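Hello,

Here is the structure I promised to pass on. Have a look at it first, and then read on for what I found in it.

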Amino acid sequence: MGFLFFLLDEIFKLNLKFLPKTSNLLISLDFIMDRNLDTFDVCIIGGSIAGNYLCYLLSKTNLKILVIEEHEKIGLPLQCAGIISQKLKKIIDLPSKIILNRVKIAKIVAPSGKFIKISGDERPYIIDRIALDCLFFEKVKDNKNIQYSLGEKFKSFKYIKSNHQKFIFIETSMRIIKSRMLIGCDGPLSSVAKTLGIHNRNLYAVQIRIKHQFNENEALMFFNQRWKELFGWIVPEGNFIYRIGMACSKNLAKNFRVFLNSLNIKKGSKIDQQGGLIPYGLMNNLAFENVLLLGDSACQVKATTGGGIIMLLTAAKYAANCVKKCFKHNKFSRSIIKKYYETPCKSTIGKELKIHYLIRILLEKFTDNDFEKILQIIKTSKIENLISLYGDMDFPKSLIFKLIKNPLVIPFLVKFTLKNPIIFIQLLKILTK
Ligand SMILES: Cc1cc2nc3c(=O)[nH]c(=O)nc-3n(C[C@H](O)[C@H](O)[C@H](O)COP(=O)(O)OP(=O)(O)OC[C@H]3O[C@@H](n4cnc5c(N)ncnc54)[C@H](O)[C@@H]3O)c2cc1C
């Protein structure tokens, strides 16, 4: 298959260099292409939440769409803690069966064990993630213009020009596909992104589900220098089942053991276990010739919490609009994809993702003592109320602007940055990107 892909590529290069467009070779290659290659308008790689939702958004067009998913079943393997802000209901039509629980309180625990509790209008959902992935697949699977190919793996793609038009030739584990557009919804290790020279930086994550008797109304976040790139979590699924997990950049198994021991939980008491990767950093470039990236492949993930679902659902709406515009104008250049997809994403979720990353950079430098101090400040001032009022799990900008004006926070931040001058350079770099 790889050889065929290579051969096609070479023939087309030769053809374009040396032969007039009306030559017999071109006609015969078009003949081969049109009859032997599966041809689609849009090929989406990855049949998880990003790929399925985008496919659903495009399902009312007449576009011929193929979704390629390497696993045999949609939604599996599960890789999510399933905690999502109530914005989810504003973005999608959310069936109540997908909501397993809601939490009223977020408990933030410092390395010393001291904590603050935040409660407010934000009452996040704990969702059945497998059901969410299946939701949009079920809605589109019988559409005559849409094909799902499960158990097929994307390998790479090449651009081929034919009759003044640029096409994407996609090599998979089974065949070669011709498509006008390619959308990379293939997660943190995206092969589409890699083909474009983009490599995500990822955190390792692990999670177990256990039966226990914690508070069903509380989601807990445990901060610690050992797992400074994110935190340890307890998320109540309902029916006294809890999702306990952690993500960090190294020593995950050891850190997770330490974390479970601190909670007095034996790993043997687990119902099941999940693992996965969480992209870490700023949002990638999203627009390329005939290609765009969406979801974890594009690092559309909050660096404060590792949550990606609200961001990618928001981005998917811009992506769907962009795809429609490309076909309407019969233009698939990087600039048109940038105009209708990357630019709107950057000016909305991109700005918020930057703030999440800035907060993460600060948190990574926090010593145990800094955690103590900031919790103390939050407790002794009215900041808890500020967080409840302005705190938004997904869009923290307004909260941050309120916080940095607070007279107790300013001296803390000044001292902290003087202690960590490198932060200035890091923050400047992020802000000017
Ligand atoms: C442990 C953990 C906990 C999390 N908890 C939360 C949370 O509580 N809240 C939240 O909002 N987010 C959470 N996230 C993040 C969230 O799960 C992701 O942001 C989201 O799943 C991204 O969706 P996606 O469709 O972009 O990518 P993915 O869900 O990673 O899906 C990518 C799909 O592409 C397929 N694929 C990959 N390569 C290929 C290939 N070469 N060919 C064909 N198919 C391919 C994969 O099989 C997969 O189905 C968590 C992540 C982890 C790992």
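Asn264 sits in the loop that runs between α7 (252–262) and β16. I would start there, keeping in mind that this is a predicted model. Although Asn264 is not a glycine, its phi is positive, at about 65 degrees. Most residues other than glycine have a negative phi. Asn264 counts as exposed because it has 7 C-beta neighbours inside 10 Å.

Phe240 is another residue to look at. This residue, also not a glycine, has a positive phi of about 60 degrees, and its place is the loop between β14 (232–238) and β15 (241–248). With 12 C-beta neighbours inside 10 Å, Phe240 counts as exposed, since 12 or fewer is the cut-off for that class.

While you are looking at the backbone, which bond joins Leu76 and Pro77? That one is a cis peptide bond, with omega at about -5 degrees. Most peptide bonds are trans. Pro77 belongs to the loop between β2 and β3.

Now for the overall picture. The protein chain contains 14 helices and 18 strands. Of its 433 residues, 39% count as buried. Among the contacts in the chain with a separation of 6 or more, 71% are between residues 24 or more positions apart.

The ligand comes next. There are 39 residues around the ligand, and the ones that come nearest are Gly46, Gly187, Gly276, Gly295 and Gly308. By class, this shell has 17 nonpolar, 17 polar and 5 charged residues. At least two residues of the shell come from each of α3 (49–58), β2 (65–69), β3 (83–84), β12 (202–211), β16 (270–279) and α8. Which element gives the largest share of the shell? That is β16, with 4 residues.

Helix α8 also takes part in a helix pair. Two packed helices are described by the angle between their axes and the distance between the axes. For α8 (residues 309–329) and α9 (residues 334–365), the angle is about 165 degrees and the axes are 8 Å apart. That angle makes α8 roughly antiparallel to α9, because angles over 145 degrees fall in that class. The crossing of α8 past α9 is right-handed. On the α8 side, the residues making the contact include Met311, Tyr318, Asn321, Cys322 and Lys325, and those of α9 include Ile337, Tyr340, Pro344 and Leu353. Taken by class, the residues of this contact are 14 nonpolar, 4 polar and 1 charged.

Within that pair, please look at Tyr340, which lies in helix α9. Buried or exposed, how does Tyr340 count? Tyr340 has 22 C-beta neighbours inside 10 Å and therefore counts as buried. Leaving aside residues up to four places away in sequence, Tyr340 touches Asn321, Cys322 and Lys325.

Finally, a word on helix α5 (residues 129–140). Its buried residues are Arg129, Leu132, Asp133, Leu135, Phe136, Phe137 and Val140. These buried residues pack against α3, β7 (125–127) and β8 (146–150).

Over to you, and enjoy exploring.

Best wishes

Technical notes. Residues numbered from 1 in each chain as written. Predicted model: local features only at pLDDT ≥ 70, side-chain atom pairs only at ≥ 80, totals over all residues. Axes fitted to C-alpha atoms, helices over the stretch in contact; angles between N-to-C directions. Parallel < 35°, antiparallel > 145°, perpendicular 65-115°, else oblique. Left-handed = near helix turned anticlockwise from the far one by under 90°. Contact = placed C-beta atoms within 7 Å. Nonpolar A, V, L, I, M, F, W, Y, C, P; charged D, E, K, R; others polar. Buried ≥ 20, exposed ≤ 12 C-beta atoms within 10 Å, placed from the backbone. Near = placed C-beta within 6 Å.
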